[in-house]
Amino acid sequence: MTMPENFNLDRLPTPIGTALLVTDADGLLRALDWDDYEPRMQQLLRLHYGTVNLKDAPAPGELRAALTGYFKGDLDRLAAIEWRVAGTPFQQKVWNALPRIPLGTTLSYGALAAKLKMPKAVRAVGHANGSNPISVVLPCHRLIGASGSLVKYGGGLQRKRWLLQHEGARIQEGGRVNRATGSCA
């Protein structure tokens with residue numbers, strides 16, 4: 001029988017709701033989600049780690065400062081955040097590619113699959129993206145539909161729209177993103 005993982009849980013007010021920050025004993029970010037989606041976050045933690053004990057405790061000051069800075073407009077602060085995730089090798093590949101999509105740009109699921117040299121794995125990329133436990137820092141919000149539409153964001157499409165606009169993406173009336181795309185390879 002494996003021992004449960006012990007993680008710390010902190011809450012950070014942001015312009016788009018209260019962020020839940022899950023960190024480990026080393027202070028590394030293990031999950032970031034929204035308080036209105038806490039049951040989904042706990043489900044993802046169980047999926048990736050098995051039994052998890054969450055204890056209310058403050059996240060490291062550097063992590064809180066980096067996220068606060070990002071939400072105040074210092075967008076490059078995300079790159080300084082140290083994180084660790086558990087997942088399949090394929091999920092890890094997708095999650096590690098997300099931060100390489102430049103700020104203010106988007107990529108379709110199909111384009112990311114092609115950049116990962118797996119052009120037929122569009123749905124698998126979508127599933128891996130949907131099980132990303134570290135919202136914002138691993139910017140799954142930068143993935144969009146093939147038509148340029150905002151689709152599938154676990155924190156809600158309003159948050160996805162806000163995050164993309166905050167990062168400088170131009171979103172047209174009707175929810176389509178201008179086709180400025182980034183490279184993550």
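Predicted model: local features only at pLDDT ≥ 70, side-chain atom pairs only at ≥ 80, totals over all residues.

Me: How many helices and strands does the protein have, and what pattern do they follow along the sequence?

Reply: There are 6 helices and 6 strands. Read along the sequence, their order is β-β-β-α-β-α-α-β-α-α-β-α. The radius of gyration is 16 Å, close to the 16 Å that the globule rule gives for 185 residues, so the protein is as compact as a globular protein of that length. Along the principal axes, the C-alpha trace spans about 45 × 35 × 25 Å.

Me: What share of the residues is buried, and what share of the contacts comes from residues 24 or more positions apart?

Reply: Buried residues are 48% of the 185. Of the contacts with a separation of 6 or more, 62% are between residues 24 or more positions apart. As for the surface, the protein exposes about 9,100 Å², and carbon and sulfur atoms supply 52% of that area.

Me: How do I read a pair of helices?

Reply: Two packed helices are described by the angle between their axes and the distance between the axes. Take α3 (residues 89-97) and α5 (residues 122-130): their axes come within 9 Å and cross at roughly 80°. An angle from 65 to 115 degrees counts as roughly perpendicular, which means that α3 is roughly perpendicular to α5.

Me: Which residues of α3 and α5 meet?

Reply: From α3 come Phe-90, Gln-91, Val-94 and Trp-95; from α5 come Ala-124, Val-125, Ala-128 and Asn-129. Sorted by class, this contact has 6 nonpolar residues, 2 polar ones and no charged ones.

Me: Which residues of helix α2 are buried, and what covers them?

Reply: In α2 (residues 61-71), the buried residues are Leu-63, Ala-66, Leu-67, Gly-69, Tyr-70 and Phe-71. Their cover includes the strands β1 (5-14), β2 (17-23) and β3 (29-34), along with helix α6 (157-166). Just after α2, Gly-73 has a positive phi of about 115°.

Me: Now a single residue. Is Ala-31 buried or exposed?

Reply: Ala-31, in strand β3, counts as buried because its relative accessibility is 0%, and buried means under 20%.

Me: What does Ala-31 touch, not counting residues up to four places away in sequence?

Reply: Ala-31 touches Leu-20, Leu-21, Val-22, Met-41, Leu-45, Pro-133 and Ile-134. As for Leu-44, its C-alpha is 8.9 Å from that of Ala-31, with the two residues 13 apart in sequence.

Conventions. Residues numbered from 1 in each chain as written. Heavy atoms only, no water. Axes fitted to C-alpha atoms, helices over the stretch in contact; angles between N-to-C directions. Helix = DSSP H or I, 4+ residues; strand = E, 2+ residues; numbered from the N terminus. Parallel < 35°, antiparallel > 145°, perpendicular 65-115°, else oblique. Contact = heavy atoms within 4.5 Å. Nonpolar A, V, L, I, M, F, W, Y, C, P; charged D, E, K, R; others polar. Buried < 20%, exposed > 50% of the residue type's maximum accessible area, 1.4 Å probe, protein only. Rg over C-alpha atoms; globule rule 2.2 N^0.38 Å. Areas by Shrake-Rupley, 256 points an atom, 1.4 Å probe, with all protein chains shown as cover.
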